[in-house]
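Colleague: Could you walk me through this one and tell me where each label comes from? I'd like the cut-offs along with the conclusions.

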Amino acid sequence: LQLVESGGRQVQPGGSLRLSCAASGSGFSLANYAIGWFRQAPGKEREAVSCISGSGSRTNYVDSVKGRFTISGDSAKNTVYLQMNSLKPEDTAVYYCAAAGPLLATYYCSTLFSPGNYASWGRGTQVIVSS
């Protein structure tokens, strides 16, 4: 399973970005996995941001991004998006997408939503929020 993130760049506070996570692999189907977005700022631990399970039956957000970020998936393209609005300087980080599954996808996007429970990772995309 391979995951490739894209869409990160520098943006001013209050701006928007859309990150993409393209998944591929033998027999992979987005409907059977949980895909999570995580981020890591310099000197800090990697933290969970948002996730989506299966065909979008469940989504989850960390409190600090609720109301600003929206996660969605396109099963035909095996791609998950993270729309980020009203960006703040504290959103600056490397953003990673990761996959968990193919079983228990709903749990990986709820009680098991943490970096240590996700097995496959992309290389990350840098987001800088600065004027």
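Modeller: Let's start at the surface: Leu103, Leu104 and Tyr107 form a nonpolar patch there, with about 360 Å² of accessible area together. This is a predicted model, where local features need pLDDT of at least 70, side-chain atom pairs count only at pLDDT 80 or more, and totals for chains, interfaces and linings use all residues. Residues are numbered from 1 along each chain as its sequence is written, and side-chain values use heavy atoms, with hydrogens and water left out.

Colleague: Why is Tyr107 called partly exposed?

Modeller: Buried means under 20% relative accessible area, exposed means over 50%, and partly exposed is in between (1.4 Å probe, protein chains only). Tyr107 has 48%, so it is partly exposed. Its place is in helix H1 (residues 105–108).

Colleague: How do you know that residues 105–108 make a helix?

Modeller: Helices are DSSP runs of H or I with at least four residues, strands are E runs of at least two, and both are numbered from the N terminus. The stretch 105–108 is listed as H1, and the whole protein comes to 1 helix and 11 strands. Along the sequence that reads β-β-β-β-β-β-β-β-β-α-β-β.

Colleague: And what makes S1 and S7 edge strands?

Modeller: 4 strands form an open, antiparallel sheet in the order S1-S3-S8-S7. S1 (2–6) and S7 (69–74) each pair on one side only. Two strands pair if DSSP finds at least two bridges between them. S1 and S3 (residues 17–24) have 5 antiparallel bridges, so that pair qualifies. Val4 stands opposite Ala22 in S3.

Colleague: Why is Arg39 said to form a salt bridge with Asp91?

Modeller: The rule wants a side-chain nitrogen of Lys or Arg within 4 Å of a carboxyl oxygen of Asp or Glu. The closest N and O atoms of Arg39 and Asp91 are 2.9 Å apart, so the pair counts. Arg39 sits in strand S4 (residues 34–40) and Asp91 in the loop between strand S8 (79–84) and strand S9 (93–100), 52 residues apart.

Colleague: Which other pairs pass, and how many salt bridges are there?

Modeller: The count comes to 4 salt bridges. Among them, Arg68 and Asp91 meet at 2.8 Å, N to O, and Asp63 and Lys66 at 3.1 Å. Arg39, Glu47, Arg68 and Asp91 are linked in a network of salt bridges.

Colleague: What makes Asn78 and Leu104 stand out in the backbone?

Modeller: Asn78 has a positive phi of about 50 degrees although it is not a glycine. Asn78 lies in the loop between S7 and S8, and at 16% relative accessibility it counts as buried. Leu104 has a positive phi near 60 degrees, and it is a residue other than glycine too. The loop between S9 and H1 holds Leu104, and Pro102 is found in that loop as well. A cis peptide bond joins Gly101 and Pro102, with omega about 10 degrees.

Colleague: Why does the radius of gyration agree with a compact globule?

Modeller: The radius is taken over C-alpha atoms, and the globule rule is 2.2 Å times the number of residues to the power 0.38. With 131 residues the rule gives near 14 Å and the protein has 14 Å, so the two agree. The C-alpha trace spans about 45 × 25 × 25 Å along its principal axes, and buried residues make up 44% of the 131 residues.

Key:
Patch = residues over 30% accessible without salt bridge, like charges linked within 9 Å, V, L, I, M, F, W, Y side chains within 5 Å. Areas by Shrake-Rupley, 256 points an atom, 1.4 Å probe, with all protein chains shown as cover.
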